[in-house]
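Please look over the sequence and the structure before reading on. The paragraphs below go from a pair of residues to the whole chain and then back to its parts.

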Amino acid sequence: MNSLPYGRLPGPPWAIRHHHLFLLAAIFLSLLLGTTEALAHAVTQGDKGYIQEISGVNLLPFVYLGAKHMMTGYDHLLFLFGVIFFLYRLSHIGIYVSLFALGHSTTMILGVYYNVQFSSYLIDAIIGFSVVYKALDNMGAYQRWFGFQPNTKVATLVFGLFHGFGLATKILEYEISPDGLVPNLLAFNLGVEIGQLMALTVILIGMSYWRRTSSFLRHAYTANVAMMSAGFLLVGLQLTGFFVS
């Protein structure tokens, strides 16, 4: 099944016609991402200090931390936004969100349990690239450039795995106690899923109103160009952090 049951975007004339919208989006994204925390994408010192002080099973704190990370994880939310951009049926949305959840849950839990260490900058750069990939997919770039459509379900699952490694690197930064590790990890993952559902609900409500207006198809190309630009910006920020750290 195609991830975009109702077709992809045509060529780029809308981007030219609505260049002012793209400029405003680019300014907003620059302000949003132009912070040192966006560069490092690290855990807050308050959360880290609290987790280091506790041990044993602490389900509610880890549910909260998981939900907080997903709700404030702009890179994860941008990818989700791209995934559902042209998905109109709840059944289609459920399939793709479930694949994404399966991917990030698997690598998050296994990555922390087996203490798999990766550079958080490189993982976050890949996550930024996933945003670029999905924006290009929404614009039909692969069909125009290469004459074929990559399997969107497989891509969603694979990028979900990388997003999970991103979550794992954040949890490892907490330096959590091994006492009660598995229950706490499951609680964190539950929090991630709760945060994902909350964010997804907000996105879907906004998208449902936007799709009812005549501006949706006029501005959809511009929106995906802005999303692609944000992905490139994320990649650049993370690679810069990797080389200067």
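Are Lys134 and Asp137 buried or exposed? Both of these residues are buried. The model is a predicted one, and in it the side chains of Lys134 and Asp137 form a salt bridge, with 2.7 Å from N to O. The two residues sit three apart in helix H8, which is about one turn of the helix. An α-helix has 3.6 residues a turn, so residues three or four places apart point the same way.

Now take the protein as a whole. It has 12 helices and zero strands. Of its 245 residues, 50% are buried. The accessible surface is about 11600 Å², and carbon and sulfur atoms account for 71% of that surface. Among contacts in the protein with a separation of 6 or more, 88% are between residues 24 or more positions apart.

How many salt bridges does a search of the whole structure find? The search finds two. The relative accessibility of Asp124 is 3%, and the cut-off for buried is under 20%, so Asp124 counts as buried. Lys170 has a relative accessible area of 2% and is therefore buried.

Helix H10 (residues 152-174) also holds Phe162. This residue counts as partly exposed because its relative accessibility is 29%. Setting aside neighbours within four places in sequence, Phe162 is in contact with Ile123, Ile126 and Ile127. Phe162 and Phe100 are 62 residues apart in sequence, while their C-alpha atoms are 10.0 Å apart in space.

Next come the nonpolar residues of the interior. In soluble globular proteins, nonpolar side chains tend to be buried together. The largest nonpolar core here has 35 residues, and Phe85, Leu136 and Met228 are the ones that touch the most other members. The elements giving two or more residues to this core are helix H6 (74-84), helix H7 (90-113), H8, helix H9 (141-146), H10, helix H11 (181-211) and helix H12 (215-244). H12 provides the largest share, eight residues. Apart from this core lies another, of 20 residues, which includes Ile51, Ala168, Leu181 and Val192.

Leaving aside neighbours within four places in sequence, its contacts include Asn138, Met207, Trp210 and Arg211. Phe216, Ala220, Ala223 and Asn224 are also in contact with Phe85.

A last stop is helix H5, which covers residues 59-72.

Key:
Residues are numbered from 1 along each chain as its sequence is written. This is a predicted model: local features need pLDDT of at least 70, side-chain atom pairs count only at pLDDT 80 or more; totals for chains, interfaces and linings use all residues. Side-chain values use heavy atoms; hydrogens and water are left out. Helices (H or I, at least four residues) and strands (E, at least two) are DSSP runs, numbered from the N terminus. The expected span of a helix is 1.5 Å times one less than its number of residues. Buried means under 20% relative accessible area, exposed over 50%, partly exposed in between (1.4 Å probe, protein chains only). Contact means heavy atoms within 4.5 Å. Accessible areas come from the Shrake-Rupley method with a 1.4 Å probe; for residues, only the protein chains shown count as cover. A salt bridge is a side-chain nitrogen of Lys or Arg within 4 Å of a carboxyl oxygen of Asp or Glu. A nonpolar core is a set of buried Ala, Val, Leu, Ile, Met, Phe, Trp, Tyr and Cys residues joined through side-chain atoms within 4.5 Å.
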